[in-house]
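Hi everyone, thanks for making time this morning. I'd like to walk you through one structure, so please have a look at it before I start.

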Amino acid sequence: FHFNIYSATLGYSRKHIFLFTFNKTESDFLRCTINVFKILGGLPKKIITDNMTSIVSVKGNKKYKHSKILAFEKDTGVKIKLCKARSPQTKGKDESANRFVNRLYAYNNDFEDLDELLKIIENLNIRCNEQCNQTTKVPPNILFQKEKEYLLPLPNQVMLESYLDSSF
(Lines give C-alpha, C1' and ligand atoms only; values in the text may rest on other atoms or scores of the structure.)
Protein backbone atom coordinates (compact mmCIF):
# COMPACT_ATOMS: atom_id res chain seq x y z
CA PHE A 1 0.00 0.00 0.00
CA HIS A 2 1.22 3.48 -0.85
CA PHE A 3 -0.46 6.20 1.18
CA ASN A 4 0.06 9.33 3.25
CA ILE A 5 -0.86 10.29 6.78
CA TYR A 6 -2.20 13.76 7.54
CA SER A 7 -0.95 14.62 11.00
CA ALA A 8 -2.51 17.28 13.24
CA THR A 9 -1.21 18.06 16.72
CA LEU A 10 -2.78 20.54 19.11
CA GLY A 11 -0.40 22.89 20.90
CA TYR A 12 -1.53 22.63 24.52
CA SER A 13 -2.84 19.10 24.91
CA ARG A 14 -0.61 17.52 22.24
CA LYS A 15 -3.72 15.69 21.04
CA HIS A 16 -2.89 13.98 17.76
CA ILE A 17 -5.20 13.25 14.88
CA PHE A 18 -3.87 11.06 12.10
CA LEU A 19 -5.89 10.68 8.92
CA PHE A 20 -5.31 8.39 5.98
CA THR A 21 -5.02 9.98 2.55
CA PHE A 22 -3.82 8.69 -0.79
CA ASN A 23 -2.29 11.96 -1.96
CA LYS A 24 -1.09 15.39 -0.85
CA THR A 25 -3.24 17.60 -3.04
CA GLU A 26 -4.98 20.82 -2.09
CA SER A 27 -8.26 18.86 -1.95
CA ASP A 28 -6.68 16.29 0.38
CA PHE A 29 -5.38 19.07 2.64
CA LEU A 30 -8.79 20.73 2.82
CA ARG A 31 -10.66 17.44 3.34
CA CYS A 32 -8.33 16.35 6.13
CA THR A 33 -8.35 19.78 7.78
CA ILE A 34 -12.15 19.87 7.74
CA ASN A 35 -12.25 16.34 9.18
CA VAL A 36 -9.91 17.43 11.97
CA PHE A 37 -12.25 20.34 12.76
CA LYS A 38 -15.19 17.93 12.94
CA ILE A 39 -13.28 15.48 15.15
CA LEU A 40 -12.28 18.30 17.50
CA GLY A 41 -15.78 19.75 17.50
CA GLY A 42 -14.47 23.23 16.80
CA LEU A 43 -11.85 25.38 15.13
CA PRO A 44 -8.44 26.45 16.37
CA LYS A 45 -7.53 30.09 15.82
CA LYS A 46 -4.57 29.12 13.65
CA ILE A 47 -2.93 26.18 11.94
CA ILE A 48 0.80 25.98 11.44
CA THR A 49 1.71 23.94 8.38
CA ASP A 50 4.73 23.15 6.32
CA ASN A 51 5.08 24.74 2.93
CA MET A 52 3.32 22.05 0.92
CA THR A 53 3.31 22.77 -2.79
CA SER A 54 -0.35 21.80 -2.82
CA ILE A 55 -1.24 24.90 -0.78
CA VAL A 56 1.67 27.30 -1.43
CA SER A 57 3.48 28.53 -4.52
CA VAL A 58 7.01 29.88 -4.26
CA LYS A 59 8.20 32.68 -6.53
CA GLY A 60 11.71 33.81 -5.75
CA ASN A 61 11.95 34.22 -1.99
CA LYS A 62 8.20 34.81 -1.59
CA LYS A 63 5.55 32.24 -0.69
CA TYR A 64 1.97 32.69 -1.84
CA LYS A 65 -0.98 30.72 -0.54
CA HIS A 66 -3.26 29.42 -3.26
CA SER A 67 -6.51 31.32 -3.77
CA LYS A 68 -8.67 28.43 -2.49
CA ILE A 69 -6.57 28.29 0.70
CA LEU A 70 -6.97 32.06 1.19
CA ALA A 71 -10.74 31.73 0.69
CA PHE A 72 -10.82 28.84 3.20
CA GLU A 73 -9.00 31.02 5.75
CA LYS A 74 -11.47 33.84 5.22
CA ASP A 75 -14.56 31.61 5.37
CA THR A 76 -13.48 29.68 8.48
CA GLY A 77 -11.63 32.45 10.32
CA VAL A 78 -8.70 30.06 10.84
CA LYS A 79 -5.31 31.55 10.01
CA ILE A 80 -3.07 29.12 8.10
CA LYS A 81 0.45 30.06 9.09
CA LEU A 82 3.39 28.75 7.10
CA CYS A 83 6.43 27.41 8.91
CA LYS A 84 9.71 29.15 8.45
CA ALA A 85 12.28 27.00 6.68
CA ARG A 86 14.93 25.49 8.96
CA SER A 87 13.16 26.70 12.09
CA PRO A 88 12.45 24.64 15.23
CA GLN A 89 9.07 26.43 15.44
CA THR A 90 6.99 23.25 15.87
CA LYS A 91 9.49 20.46 15.46
CA GLY A 92 9.20 19.06 19.00
CA LYS A 93 5.44 18.56 18.99
CA ASP A 94 5.02 17.68 15.37
CA GLU A 95 8.04 15.49 14.76
CA SER A 96 7.26 13.38 17.84
CA ALA A 97 3.76 12.90 16.47
CA ASN A 98 5.19 11.83 13.15
CA ARG A 99 6.78 8.84 14.86
CA PHE A 100 3.27 7.49 14.51
CA VAL A 101 4.18 6.32 11.02
CA ASN A 102 6.95 4.17 12.52
CA ARG A 103 4.31 2.41 14.62
CA LEU A 104 2.58 1.39 11.40
CA TYR A 105 5.66 -0.58 10.34
CA ALA A 106 4.91 -3.12 13.06
CA TYR A 107 1.72 -3.94 11.16
CA ASN A 108 3.46 -4.41 7.82
CA ASN A 109 1.87 -7.43 6.10
CA ASP A 110 -0.72 -7.73 8.91
CA PHE A 111 -3.58 -6.28 6.90
CA GLU A 112 -5.19 -7.40 3.68
CA ASP A 113 -7.18 -4.38 2.56
CA LEU A 114 -7.86 -0.70 3.06
CA ASP A 115 -10.53 -1.29 5.72
CA GLU A 116 -8.06 -3.21 7.90
CA LEU A 117 -5.42 -0.49 7.45
CA LEU A 118 -7.93 2.21 8.42
CA LYS A 119 -8.85 0.25 11.56
CA ILE A 120 -5.17 -0.05 12.52
CA ILE A 121 -4.70 3.72 12.07
CA GLU A 122 -7.81 4.39 14.17
CA ASN A 123 -6.63 2.10 16.98
CA LEU A 124 -3.13 3.59 17.02
CA ASN A 125 -4.65 7.08 17.08
CA ILE A 126 -6.73 6.16 20.14
CA ARG A 127 -3.77 4.64 21.97
CA CYS A 128 -1.51 7.59 21.12
CA ASN A 129 -3.94 10.01 22.79
CA GLU A 130 -4.46 7.82 25.86
CA GLN A 131 -0.74 7.43 26.65
CA CYS A 132 1.08 9.95 28.81
CA ASN A 133 2.90 12.57 26.80
CA GLN A 134 6.63 12.71 27.59
CA THR A 135 6.59 16.50 27.93
CA THR A 136 3.31 17.12 29.76
CA LYS A 137 3.27 13.82 31.71
CA VAL A 138 -0.49 13.71 31.04
CA PRO A 139 -2.42 11.89 28.31
CA PRO A 140 -3.47 14.27 25.51
CA ASN A 141 -7.15 13.32 25.85
CA ILE A 142 -7.20 14.61 29.43
CA LEU A 143 -5.58 17.96 28.57
CA PHE A 144 -7.85 18.28 25.54
CA GLN A 145 -10.87 18.57 27.87
CA LYS A 146 -9.53 22.00 28.89
CA GLU A 147 -8.20 22.97 25.46
CA LYS A 148 -11.49 22.37 23.66
CA GLU A 149 -13.04 25.23 25.65
CA TYR A 150 -10.90 27.58 23.54
CA LEU A 151 -11.94 26.21 20.16
CA LEU A 152 -14.14 28.41 18.01
CA PRO A 153 -17.54 27.01 16.97
CA LEU A 154 -17.77 25.06 13.73
CA PRO A 155 -18.92 27.21 10.82
CA ASN A 156 -21.87 26.51 8.56
CA GLN A 157 -21.79 22.88 7.40
CA VAL A 158 -22.78 23.79 3.83
CA MET A 159 -19.85 26.20 3.59
CA LEU A 160 -17.44 23.56 4.86
CA GLU A 161 -18.82 20.94 2.48
CA SER A 162 -18.33 23.34 -0.44
CA TYR A 163 -14.57 22.87 -0.01
CA LEU A 164 -14.74 19.09 -0.24
CA ASP A 165 -13.91 17.25 -3.41
CA SER A 166 -16.41 14.39 -3.60
CA SER A 167 -13.93 12.09 -5.39
CA PHE A 168 -12.55 10.46 -2.19
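Here is a question to begin with: is the crossing of α1 and α2 right-handed or left-handed? Keep in mind as you look that this is a predicted model. The answer is that α1 and α2 cross in the right-handed sense. As for the geometry, the two helices pack at an angle of about 15 degrees, and their axes are 11 Å apart. An angle under 35 degrees counts as roughly parallel, so α1 is roughly parallel to α2.

Now let's turn to the strands. Strand β2 covers residues 16–21, and β1 pairs with β2 in the antiparallel sense, over six bridges.

Next, the aromatic residues. A pair of aromatic rings is described by how far apart the centres are and by the angle of the planes. In this model there are five aromatic pairs. One of them is Tyr6 with Phe29, a tilted pair with 6.3 Å centre to centre and 55 degrees between the planes. This pair links distant parts of the chain: Tyr6 belongs to strand β1 (residues 4–9) and Phe29 to helix α1 (residues 26–40), 23 residues apart. Both Tyr6 and Phe29 are buried.

Another aromatic pair is Phe72 with Tyr163, and this one is edge-to-face, at 5.1 Å centre to centre and 80 degrees between the planes. It also links distant parts of the chain, with 91 residues from one partner to the other. Phe72 is in helix α2 (residues 67–76), while Tyr163 lies in the segment after α7 (157–161). Are these two buried or exposed? Phe72 is buried, and Tyr163 is buried too.

There's also an aromatic cluster to look for, made up of Phe3, Phe20 and Phe22.

Last, a word on lysines and rings. The charged end of Lys15 sits over the ring of Phe144, 5.3 Å from the ring's centre. Lys59 has its charged end over the ring of Tyr64, with 5.7 Å to the centre of that ring.

That's my tour, and I'm happy to go back to any part of it on the screen.

Terms used:
Residues numbered from 1 in each chain as written. Predicted model: local features only at pLDDT ≥ 70, side-chain atom pairs only at ≥ 80, totals over all residues. Heavy atoms only, no water. Phe/Tyr/Trp six-rings, centres within 6.5 Å; stacked < 30°, edge-to-face > 60°. Helix = DSSP H or I, 4+ residues; strand = E, 2+ residues; numbered from the N terminus. Buried < 20%, exposed > 50% of the residue type's maximum accessible area, 1.4 Å probe, protein only. Lys NZ or Arg CZ within 6 Å of the ring centre and 35° of its normal. Pairing = 2+ DSSP bridges. Axes fitted to C-alpha atoms, helices over the stretch in contact; angles between N-to-C directions. Parallel < 35°, antiparallel > 145°, perpendicular 65-115°, else oblique. Left-handed = near helix turned anticlockwise from the far one by under 90°.
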